[in-house]
Amino acid sequence: MDVLFIIAGAIALVVGFRRLRDIGTRVDAALATYESVLSAFRRLEERLARLEAAQFSGEPAPVTPQPEPARAPEPTAFDRDLERARERQVARALREASVGTPDLKWPPSPEQPPISQAPLETNESYRRPIAPLTESARAFARRVREQFAGEEWEAIVGGSWLNKLGVLVLVIGISLFLAHSLTHHGPLARVATGLAVSLAMLSGGVVLERRARYVIVSRGLIGGGWAALYTTAYAAHAFESARVIQSPLLASLVLCAVALGMILHSLRYRSEVVTGVAYFVGFATLAISPITSLALFASVVLIASMLYLAYRFTWDRMAVAGVVVAYVTYIWGAKIPADTHLTFVSGQVALAAYWLLFEAFDLVGLMRRENRDDAVKALAALNAVGFLGMATIEWSAFSPSTIHILFTYAALAFAATAALRWKLVPPSVVEPSPKVIIERLESGSFEVAATLASGLMAAAIFYRFTGYAINVALLLEAEFLFILGLRLQLKYLRMLGGAVFALAAGKVLIYDSQDDAKTAIAGHLFYAGTPTAILTAAAAYANRIGFKGWRAFAWTATFILWVVLAQELPDAYVGLGWIILGGCLFEYGIFARDFDLRTQGYSASVSGVGALALINGVGDLGFPNLHPWISLVPTTLMAFAATFQLMRETDATVPEPERSWARDAASAAGAVLAMLLAWQMLPAPAVAVAWTALAIVLIEAGFVTGLLAPRIEGYALAACAFARLFLANFTATGSFGIVSERLLTVAPVIVAFYYAAQRLDEEKLRVHLEWFEYLARRVFRHAGAILIVVLIRFEAGRVAAVIGWSIFAVILLEAGLRLRDVDFRYQSYALAAATFARSWASNFYIPGSLGGMPERVVTGAIVIGCLYACEMLAPRSDRVFTPTNGNRIEQALEYIDLNARTIFSILASALLALLLFYEISGRLLTVAWGLQAVALLIAGFAIRERVLRLSGLGLFGVCIIKVFTHDLQHLDALPRILSFIVLGALLISMSFVYTRYREQMRRFL
């Protein structure tokens, strides 16, 4: 211990001498500047005197050679600091002057007159920026003179600093002497020696202070004497080797008497340095001795007396230094962990007394003055850190299970001082910002104390309670802070309440939600964390709705309830619970006109719809759902009810555009839920019918209300129904009597599609439709035709499908011509091509019979007849095709529509030729094709159809090529001869007809 003090003293001496050397350098520079200014003034006085003498005598003034000015010394660090301080003063003065006199220019512009020629007012305006600089320089000079009192720095070092250091070393030596157990010195001798030395120092100081030359030395001796006397009085009971006072009470009284004498004596000198040295020595004495109850009491008395003097003489720096010294002294001598309960309690009481004394000093300082010294602004923070740090370390080491007691009492203490600070430093009316809060913290406001109080109380709650009792206690603290902040109109307290509430909510969501324990409430099992979670949500809603708190309260409450419903409800009903929660929030949001609550309702409802789609809709994700209608029916009704309600609301309750997108979203949710309900509750073939019916209802509702969203939902639902038919209905095998499920379920959808297309045709004349609705009208018609074609295929079978298709093609062409609808005509063309391809690719290879005739002959004849019927129905067109500006597809469709009659004829004739190819043997095929060509020519002449005549001529050409390329080489003699004879006869006959009746036929051509 002695070595440590010797090393510390040596370091302090080295640092002190270096500091004094720097100060001496600065003083030398200041004195040199002062001397140069005085010499300049003397030269100016001499020159002025010569000028005055020359003026009165009429003689020219003698010119006195001016001595060469001495070279200025190199600027020191002190000079540079002083120059920077002057520049800052000038800049600040210019800013202040520019606010009051906007026309003032500094430095003056060339147009302005110099100061000596300007009027008096102008000179005064120029002097204002210089005044703060002059005053600052004078203040600095006064401070230098007060600190150094005109003495050389060697005198300061030798007379003041060495004196103080010597007193410190002497007092430490006395304390070590008293503590050391020498065999030939008894306790009384040691105490007597200490008394003698301390009284000698006191008396010597009192005698020397009467001489001005020894003031510094005398005051150091006086401070050291009191410190030695205090140390001796303390050792008379605290040290075993110097114990002459056995009674702790008497020892305490002696210490109080010495402290009182020190105070009374200090009142006479009023020197912060002297008193500070005395107290520092006293604390150093306590630091090198064991911490006992008496030592703690002595330290409390020492602190109380020091703070009294600091308050009496406004020695704030001494008080701030006292905070650091007091807690460092305690740390140095404290025994951690404490060996006995009495030692522990004594230490905690002493720490509490420390904090209370320093806090009281800071509060009294706030009452006494507004502008506090910069150093004292850190007093409260240092005091809090020292007290809480040491108390927590000691309590954790000695009795960690009861540390909540420390936190509780500390929280109450900081709450009390926060209330006092709130009274002493009124809260700012400005909205809290980082800059404002920092300024308030520097002024000693209540924010730091309130924050510590709330944090310590939260820590006490966590250490004192367990389980869900922590949640309740945290909620009580949060609500107390929040309501108190509302009552006192202090936003900072509300922020602290919000922070504590966030802690409680975080525990509910992060920690409690992982607890699988159950508890019985009213005969039902709930998760153990559910009651506290609901209580937390209720408190949050109360803060938001009842006390107009932040929006985060309501969002947190909604999320907590969302999690609780997900935990407590069975998987099949989670979506229902979320939608009910969203509906309640939505309704109250409309009632209270709170957009935030409505937004939470929308969010909860969307999640509920998603859960129903995954759990109640899909049904194959591993979630058991025996009764999906229980969730889907009420949620569907709620969605459509919300849609109707939003249609009735006005801007006063739900403003635009929120009302529009919320209404559309509710309608879409209702449509989705209704789809899921039909999917789950109806037989598979009936689902598409239900979806189609709902689609028509939505489309009609859109037309009636003038809303676009229901119509879009109807179009989307119709598309889903269309796809559903291919997945479930066309493959259905059941029947109702003689009618199949397929026909019974697909036919209503077809009718609905044509009805939707007709309604769009009607509405386009009444209201303005969107561009995609014009497209939807055509899509509905094409979708209906596709469904009919596919239905014919499945109902008529593989063979008879072409018969139905060909008849339907005739019907479509007739409808397209009568209604002048190009879509029906296009469908007819496409179906004719499909029928031709199907007959050639499939039917002509079927070997079966129908009514005693080959199936391909019967089906082929009907198809060919329908194709020729389409030819007869298609109008003749003499218009030459001219490409439009449309794309290639549109041009191709227009070309087909213009030449439809020709295309139908070619398809029919080609299909007949193919049928003859499959039905007649190769030996008679040429004859058959020749007869077909004759028939085509006769029919062409009869009905004046040029394409038939050209088809006949073309078929004759095929026959000629076949005769020479195939029949001549591959047929037997008789068939070959027959082919040539018959074909030749037919060709001659037709040539004769063309030649003989040329004039009559000219009108047919």
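In the predicted model, helix H22 (residues 629-648) supplies the largest share of a nonpolar surface patch, contributing 3 residues. The patch is formed by Trp629, Val633, Leu637, Met681 and Leu682, which together present about 450 Å² of accessible area. Of these residues, leucine 682 is placed in the loop that connects helix H23 (658-681) with helix H24 (684-705). Its relative accessibility is 36%, and leucine 682 is therefore classed as partly exposed.

Helix packing was examined for two pairs. Two packed helices are described by the angle between their axes and by the distance between those axes. For helix H15 (residues 447-464) and helix H17 (residues 491-511), the packing angle is about 20° and the axes lie 10 Å apart. Because angles under 35 degrees count as roughly parallel, H15 and H17 are roughly parallel to each other. The crossing of H15 and H17 is right-handed. For helix H26 (residues 741-766) and helix H27 (residues 771-818), the angle is about 150° and the axes are 8 Å apart. H26 is therefore roughly antiparallel to H27, given that the term applies to angles over 145 degrees. In this second pair, H26 and H27, the crossing is left-handed.

Several backbone features are located in loops between helices. Most residues other than glycine have a negative phi, and most peptide bonds are trans. Against this background, the peptide bond joining glutamate 656 and proline 657 is cis, with omega at about 0°. Proline 657 itself is situated in the loop between H22 and H23. A positive phi of about 55° is found at arginine 820, although this residue is not a glycine. Arginine 820 belongs to the loop between H27 and helix H28 (822-841), and its relative accessibility of 77% places it in the exposed class. Arginine 944, likewise a residue other than glycine, has a positive phi near 55°. The position of arginine 944 is in the loop between helix H32 (925-942) and helix H33 (946-970). With a relative accessibility of 47%, arginine 944 counts as partly exposed, since the exposed class requires a value over 50%.

A further loop position was considered between helix H6 (215-238) and helix H7 (248-269), where glutamine 246 is found. Glutamine 246 has a relative accessible area of 56% and is exposed. A distance of 8.5 Å separates the C-alpha atoms of glutamine 246 and alanine 236, two residues that are 10 residues apart along the chain.

Side chains of opposite charge can pair when their charged atoms come close. Across the whole structure, 23 salt bridges are found. One of these pairs is formed by the side chains of arginine 663 and aspartate 664, with an N to O distance of 3.5 Å. Arginine 663 is buried, at 12% relative accessibility, whereas aspartate 664 is partly exposed, at 26%.

A salt bridge also links arginine 781 with aspartate 821, and the closest N and O atoms of this pair are 1.6 Å apart. Arginine 781 is part of helix H27 and aspartate 821 of the loop between H27 and H28, so the pair ties together parts that are 40 residues apart in sequence. Arginine 781 has a relative accessibility of 7% and counts as buried. Aspartate 821, with a relative accessible area of 9%, is buried.

The side chains of aspartate 897 and arginine 825 meet at 2.9 Å, N to O. Aspartate 897 is partly exposed, with a relative accessible area of 24%, while arginine 825 counts as buried at 15% relative accessibility.

Definitions and conventions. Residues are numbered from 1 along each chain as its sequence is written. This is a predicted model: local features need pLDDT of at least 70, side-chain atom pairs count only at pLDDT 80 or more; totals for chains, interfaces and linings use all residues. Side-chain values use heavy atoms; hydrogens and water are left out. Patches are made of residues with over 30% relative accessible area and no salt bridge: like charges are joined within 9 Å, nonpolar side chains (Val, Leu, Ile, Met, Phe, Trp, Tyr) within 5 Å. Accessible areas come from the Shrake-Rupley method with a 1.4 Å probe; for residues, only the protein chains shown count as cover. A salt bridge is a side-chain nitrogen of Lys or Arg within 4 Å of a carboxyl oxygen of Asp or Glu. Helices (H or I, at least four residues) and strands (E, at least two) are DSSP runs, numbered from the N terminus. Buried means under 20% relative accessible area, exposed over 50%, partly exposed in between (1.4 Å probe, protein chains only). Axes are lines fitted to C-alpha atoms, for helices over the stretch in contact, and angles run from 0 to 180 degrees between N-to-C directions. Angles under 35 degrees count as roughly parallel, over 145 as roughly antiparallel, 65 to 115 as roughly perpendicular and the rest as oblique. A crossing is left-handed if the near helix is turned anticlockwise from the far one by less than a right angle, and right-handed if clockwise.
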